[in-house]
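Q: Please show me how to read the features of a structure one at a time, with the general idea before each case.

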Amino acid sequence: MSSAPDSSDNPALSQALRELDVILANAGVGVVFVKARTLVRCNERYAQIFGFDSPEAAVGRSSVELYGSEEDARDLGRRAYPMLATGETFRSEQLMRRQNGELFWAHLTGRLIHADDPADGSIWIVDDINERKLADGALSDLHAEQQLIFDHAMVGIVFLRGRRVTRCNRAFEQLFGYEPGELDGQLSRRWYLSDEDWKAAGDACYEPLARGDAFHAEMLLARKDGTSIFCEVRSKAIDRSDLSRGSIWITQDISARKQAEAELVQAKALLEALVQQRTEQLSQTVAALELKVAEQQAAEARAERLALFDGLTGLPNRHLLADRASQAIDIARRGDEPLAVLFLDLDHFKNVNDSLGHRTGDALLNQLAARLRAAVREQDTVARMGGDEFVLVLPLTDIAGAAHLATKLMALASAPFQVGQQELTVTPSMGIAMFPTDGDDFDTLCKCADAAMYRAKRDGRNAYRFFTSEMQAQSARALLLENALRRAQERHQLSLHYQPQFALADDGQTRIVGAEALLRWHHPELGWVSPAEFIPIAETSGLILPIGEWVLREALNQLRRWDDAGLPELSMAVNLSAVQFRHDDLPELVERVLGDVGMPAERLELELTEGAAMDNPSVAITVMNKLHERGVRLAIDDFGTGYSSLSYLKKFRVSKLKIDQSFVRDLTDDAEDRAIVDAVIRMAGALGLQTIAEGVETEGQLAFLHRQGCQAVQGYLFSRPLPAEAFAQFVLARTAPASAYAALP
């Protein structure tokens, strides 16, 4: 929705908020707002996790449906509420249910919007950890299977590190006559007959183990009681590149075989066959154990990688980042040392993905990650939060050091990237928060750095900003306004003012032909709140949808009341926000409201900002076609402030271009503004579109617009936006005799 003509629009702020929506829509975790156990709003990832067709399909559903059972839902509430009520964040792993009935494990993070008033609802972050749970179960089974083999093997198995026993099975203890656990931590010297034998065995096995080969020997060893035992031993290093990690030894008593060889020469062939058979069995056992060890190591490595590192760039993910940051902050706190947290986000990165594809965008992110790693110190942490957002934690870094690094990173990120045949150039926006000035914990520092980054974007991008107390105050006011705005409609604090629109005749005369409905909010304590301030909050909070429907219905009802009072037939222009325009059921909503009010569609004109139309042109064309089929007229508002493509503009089913007041304001003094306005009017004429100029305040501006062929105007030269009754008085004063005033409602 647009603001009053006297309030300048902020394209940078609108762009930043749209990008925030994009980030939220592409977040790797589900985010949902729940009120009275009802889903009020969620992002795309949340809908995907639970199997909804879209976030809108989830809205209005009971959150109880998403648990394994009603008892599970009640149990979670009993556990979560005591913590949430204190203003803390609740975290839990919970068995949940998708729309198809499938149960899965999820990690839940919840927090009340307002700890003092649980009725205001809560925000929950949902992460699908089902695969990790399954992997943990498989790893546990693997451990159990390995232990079963270890415990019940028919041969003695012992693990040595530094030639000391770290673990052995019962068969090994029984072989040498020891009680359970008696050998734990003992030197392997215990089962050798002499120091010389012990040293010789170590010398003999070192070289094959260092090569990664198996060591095999027959040795005369000693039991605990001092008696000798002839054993066959096989050994392998756990890691040949690091023998300090130890080795595994498999030992079998072959005393009987040796005795039989000495006593029965004639049975030599049979015994040799038996030894060969046993050797093969031992080889298979060793191979099986080696395979299990390798599989276990690989599974542990994969699990650690998935849990702690970003799959695309290999940088630490948000979980490892939080752990490292907390440790760094603890060290900084104990040493009374500075620390900086830096948020980096690429400007307009969505354009790279949309125009060149996600594969190109991913390659660019990988190159950027490598540049960031190379630019920081060993003790610094560079992490990827998701999308094109990176976070740096910089211990022992003061304000000057953070500024120096930010300047360096701007140069690195702005240097061209070579992706295949494409040379790409992007710019970064960065926000910096300092410990302990801006916060004493990582979450607070993140919020501050994030706020500073968005200030850099609002200030024109390709810059860095430090967090300030002014940003803190703005965040607090934004929260205050959002909470107040939630009750503004039911408390009748919202109203509409109407600014008249005039047609320009060939002779320069003006005739009132319509009105633009403009939303106003008067709070009993805050006074009049500017639309430029509260409309962006309504868009980001989702309140714009019910408010927008109320504006549409109220404006058309007022038009009906003016018709009944005998005012000339006027058209009603109603502004659409980008959020409303992207909503699936907008054409149906407009058709329904027109039917309820009983107003012909041609009396309604919907105004859409140029930026909202170009955000997704193909979708915009579809929505415009549906509205056009219903007879509703469309106008592009604030034309010239965005980046319209003529190839799309000619496909848009619009009837009017609205020249932004920023070009009208200096028409009589600025040759460039005159050239732009003249070009817009000529282009519109060539495309068969009408033009209307807003913000007309002087006769000179009006005369220029008339000479160039602009068809309609509005602005303070004629009237400010007026309440409904004052608007009717204004219209009648220009079009009707005094007796008509008696007919006003």
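Q: Where is H348 found?
A: H348 is in the loop between β11 (339-346) and α11; helices (H or I, at least four residues) and strands (E, at least two) are DSSP runs, numbered from the N terminus. Do keep in mind that this is a predicted model, where local features need pLDDT of at least 70 and side-chain atom pairs count only at pLDDT 80 or more, while totals for chains, interfaces and linings use all residues. Residues are numbered from 1 along each chain as its sequence is written, and side-chain values use heavy atoms, leaving out hydrogens and water.

Q: What is the value of phi in H348?
A: Most residues other than glycine have a negative phi, and most peptide bonds are trans. In H348 phi is near 55°, a positive value in a residue other than glycine. On the peptide-bond side, the bond from F435 to P436 is cis, with omega near 0°. P436 belongs to the loop between β16 (428-435) and α14 (442-458).

Q: Let's move on to helix packing. At what angle do α11 and α12 cross?
A: Two packed helices are described by the angle between their axes and the distance between the axes. Helix α11 (residues 349-356) and helix α12 (residues 358-375) cross at roughly 140°, their axes coming within 6 Å; axes are lines fitted to C-alpha atoms, for helices over the stretch in contact, and angles run from 0 to 180 degrees between N-to-C directions. That makes α11 oblique to α12 (under 35 degrees is roughly parallel, over 145 roughly antiparallel, 65 to 115 roughly perpendicular, and the rest oblique). F349, V352, N353 and L356 of α11 make the contact with H358, T360, G361, L364 and L365 of α12, where contact means heavy atoms within 4.5 Å.

Q: How do α19 and α21 pack?
A: The axes of helix α19 (residues 586-597) and helix α21 (residues 617-629) are 9 Å apart, at an angle of about 20°. The two helices are therefore roughly parallel to each other. L586, P587 and V590 in α19 meet V623, K626 and L627 in α21.

Q: Now for sheets. In what order do the five strands of the open sheet run?
A: Two strands pair if DSSP finds at least two bridges between them. Here the order is β7-β6-β10-β9-β8, with antiparallel pairing. At the edges are β7 (164-168) and β8 (215-222), each pairing on one side only. From one strand to the next, the twist averages 35°. Strand β9 (residues 228-237) is joined to strand β10 (residues 247-253) by seven bridges, and C231 stands opposite D253 in β10. Helix α7 (residues 195-211) packs on this sheet and touches β8, β9 and β10; its direction makes about 160° with that of β8.

Q: Which strands pair in the parallel sense over four bridges?
A: They are β24 (residues 656-659) and β25 (residues 690-693), with I692 in β25 as the bridge partner of K658.

Q: Last one: how many salt bridges does the count come to?
A: Side chains of opposite charge can pair when their charged atoms come close. The count comes to 45 salt bridges, each a side-chain nitrogen of Lys or Arg within 4 Å of a carboxyl oxygen of Asp or Glu. One of these joins R486 and E482, whose closest N and O atoms are 2.6 Å apart. Being four residues apart in helix α15 (residues 469-488), R486 and E482 are separated by about one helical turn.
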